[in-house]
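Here is a friendly walk through one protein model. Please keep the viewer open as you read.

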Amino acid sequence: MLRKILTFWLQHIHPRLAPLLTTIGIVGLASCLLILFLLAELFEEVLEREAFAFDTHFLLWLHQFSNPSLDNLMLTITNLGNPSFIVVVVTLSLAILSWRRYRQEAKIFAIACLGAFILNTGLKLLFSKPRPELWDRLITEKSFSFPSGHALGSLVLYGFLAYLLATHYPKFSQFIYSMAGVVIAAIGISRLYLGVHWPTDVIAGYGVGFLWLMMCIAMLKLQNMRQF
């Protein structure tokens, strides 16, 4: 029996996994599987309407640091993940990629952004989780809470742009990824500070965004490999 399983693995599964392992690596694949497992557990709890005690405790703890200066800073940071600002960034990025004749990059980038929008919209409607109402918020959000669209969208958008920049400018890759990480993390924190999301919303947004980003990067790498 074991020999049959091994033979089936070598003949059918292993050849199909080889390109995936080549593009995202063993560490990347392991990270995706771990995040997928954690998201499955989180999704199950949210679907069953289970309450996460640390959600409320963390938001109340964070709110005690609020002040007018931080309010203005967080409002500015959260704008980096607003749909209106993202549309401008996506449009300019697509224009630059098309102008530089990076057609494959432009195509996958468009797919990444569109997919992020569909995932965010679909998951919000599926879970229909209400937003926090713990204090008088500075901004009003009418959509559902889970997952955080700002977290999901910013990770896909700025993560993909960071990957493209790091690929073309490898000497600055560490700086590029660091800056992207700071921006993505700051956007998530701003949503919590402003009280429009639960921590689990942001965690789920990052998790879904990371998985989708890895898929899009893998698609781009595979497309580039086929050209050679």
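## Ground rules

This is a predicted model, in which local features need pLDDT of at least 70 and side-chain atom pairs count only at pLDDT 80 or more, while totals for chains, interfaces and linings use all residues. Residues are numbered from 1 along each chain as its sequence is written, and side-chain values use heavy atoms, with hydrogens and water left out.

## Overall fold

The protein has 8 helices and 0 strands, where helices (H or I, at least four residues) and strands (E, at least two) are DSSP runs numbered from the N terminus. Along the sequence the pattern reads α-α-α-α-α-α-α-α.

Of the 228 residues, 42% count as buried; buried means under 20% relative accessible area, exposed over 50% and partly exposed in between, with a 1.4 Å probe and protein chains only. Taking contacts (heavy atoms within 4.5 Å) between residues at least 6 apart in sequence, 78% join residues at least 24 apart.

## The α4 and α5 pair

Helix α4 (residues 83-99) packs on helix α5 (residues 103-127) at an angle of about 165°, and their axes are 9 Å apart. That makes the two helices roughly antiparallel, a label for angles over 145 degrees. Axes here are lines fitted to C-alpha atoms over the stretch in contact, and angles run from 0 to 180 degrees between N-to-C directions.

On the α4 side, Val90, Ser93, Leu94, Leu97 and Ser98 meet Glu105, Ala106, Phe109, Ala110 and Cys113 of α5. By class, this contact has 7 nonpolar, 2 polar and 1 charged residues; Ala, Val, Leu, Ile, Met, Phe, Trp, Tyr, Cys and Pro count as nonpolar, Asp, Glu, Lys and Arg as charged, and the others, Gly among them, as polar.

## The nonpolar core

The largest nonpolar core holds 53 residues, and Phe43, Phe109, Phe146, Leu157 and Phe160 have the most contacts inside it. Such a core is a set of buried Ala, Val, Leu, Ile, Met, Phe, Trp, Tyr and Cys residues joined through side-chain atoms within 4.5 Å. Elements giving two or more residues to this core include α1 (2-47), α6 (149-168) and α8 (199-226).

Leaving aside neighbours within four places in sequence, Phe146 is in contact with residues including Phe43, Leu123, Phe127 and Ala204.

## A loop residue

Arg49 sits in the loop between α1 and α2 and is exposed, with a relative accessible area of 54%. Not counting residues up to four places away in sequence, Arg49 touches Phe127 and Ser128. Arg49 and Phe127 are 78 residues apart in sequence and 9.0 Å apart in space, C-alpha to C-alpha.

Technical notes. Parallel < 35°, antiparallel > 145°, perpendicular 65-115°, else oblique.
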